[in-house]
Amino acid sequence: MVDYYPPWGFYFRVEFGISKDKNDVRFQMVSGLSVEYDTEEYKEGGENRFTHKLPVRTKYADLVLKRGMLTDSEVIKWFLRAFRDRDFEPTDLNVILMNEKGEPLKTWQVSHAIPRKWQVSDLNSGENALVIETMELTYRYFTVA
């Protein structure tokens, strides 16, 4: 008998410390919740079968968020202040995976995020498609709760 099923990956929200706007939590995609260790090789004298690989520091991937473009957004204003005025105000944010009742299952608490890239999808009069904005952020680390 199976008592556990992995959660679905489509019901989530992203809460920014700089915005209380209910529209700023809606995204269609989040990627980059990834961490790995850089390693340093150490060759031991007399041992020629292998080298020791020692962990040095952790490395976090950039966080990429995609959503239908908003015409009024505190998050986009924050991005534009960074690119226009070079005003890099770090913020914390939470990526929250939810269950079918809208209750949090897992939360990735992202620390000290700053804008890295903002992109708007192509505008094409020959297609019937939503305008998608892609936001890329760099950050110090995340914890999982």
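Is Pro 115 buried or exposed? Pro 115 counts as buried, at 5% relative accessibility; here buried means under 20% relative accessible area, exposed over 50%, and partly exposed in between, with a 1.4 Å probe and protein chains only. Some notes on the rest follow.

1. **Ground rules.** This is a predicted model, where local features need pLDDT of at least 70, side-chain atom pairs count only at pLDDT 80 or more, and totals for chains, interfaces and linings use all residues. Residues are numbered from 1 along each chain as its sequence is written, and side-chain values use heavy atoms, with hydrogens and water left out.

2. **Layout.** You'll find one helix and nine strands in the chain. Helices (H or I, at least four residues) and strands (E, at least two) are DSSP runs, numbered from the N terminus. In sequence order the pattern reads β-β-β-β-β-α-β-β-β-β. The chain's radius of gyration is 20 Å, well over the 15 Å that the globule rule gives for 145 residues, so the chain is more spread out than a compact globule. That radius is taken over C-alpha atoms, and the globule rule is 2.2 Å times the number of residues to the power 0.38. Along the principal axes, the C-alpha atoms fill a box of roughly 65 × 55 × 35 Å.

3. **Surface and contacts overall.** Of the 145 residues, 26% count as buried. The accessible surface of the chain is about 10,400 Å², and 49% of that belongs to carbon and sulfur atoms; areas come from the Shrake-Rupley method with a 1.4 Å probe, and for residues only the protein chains shown count as cover. For contacts between residues at least 6 apart in sequence, 64% join residues at least 24 apart, where contact means heavy atoms within 4.5 Å.

4. **Charges.** The chain carries 20 positive and 23 negative charges, and their mean positions are 1 Å apart. Lys and Arg count as positive and Asp and Glu as negative, while His and the chain ends are not counted. Each charge is placed at NZ of Lys, CZ of Arg, CG of Asp or CD of Glu.

5. **The largest nonpolar core.** There are 18 residues in this core, and Val 14, Phe 16, Leu 65, Leu 93 and Leu 137 touch the most other members. A nonpolar core is a set of buried Ala, Val, Leu, Ile, Met, Phe, Trp, Tyr and Cys residues joined through side-chain atoms within 4.5 Å. Two or more residues each come from β1 (12-16), β5 (63-68), α1 (74-85), β6 (91-98), β7 and β8 (132-138). The largest share, four residues, is from α1. As a general matter, nonpolar side chains tend to be buried together in soluble globular proteins.

6. **Leu 65 and Val 14.** Leu 65 is in strand β5 and is buried, with a relative accessible area of 0%. Beyond four places in sequence, the contacts of Leu 65 include Val 14, Phe 16, Phe 27, Met 29 and Leu 137. Val 30 is also in contact with Leu 65; the two are 35 residues apart in sequence and 4.7 Å apart in space, C-alpha to C-alpha.

7. Pro 115 lies in strand β7. Leaving out residues up to four places away, Pro 115 touches Trp 78, Phe 79, Ala 82, Phe 83, Phe 88 and Glu 136. Asp 3 is 112 residues from Pro 115 in sequence and 41 Å away in space, C-alpha to C-alpha. Ser 111 is in β7 too (residues 104-120) and counts as buried at 15% relative accessibility. Ser 111 touches Thr 91, Asp 92, Tyr 139, Arg 140 and Tyr 141, again not counting residues up to four places away.

8. Take a look at His 112, which has a positive phi of about 60° although it is not a glycine. His 112 lies in β7 and counts as partly exposed, at 28% relative accessibility. Arg 86, not a glycine either, has a positive phi of about 55°. Arg 86 sits in the loop between α1 and β6 and counts as exposed at 64%.

9. **Thr 134.** Strand β8 holds Thr 134, which is buried with a relative accessible area of 17%. Among the residues Thr 134 touches beyond four places in sequence are Val 64, Leu 65, Lys 117 and Trp 118.
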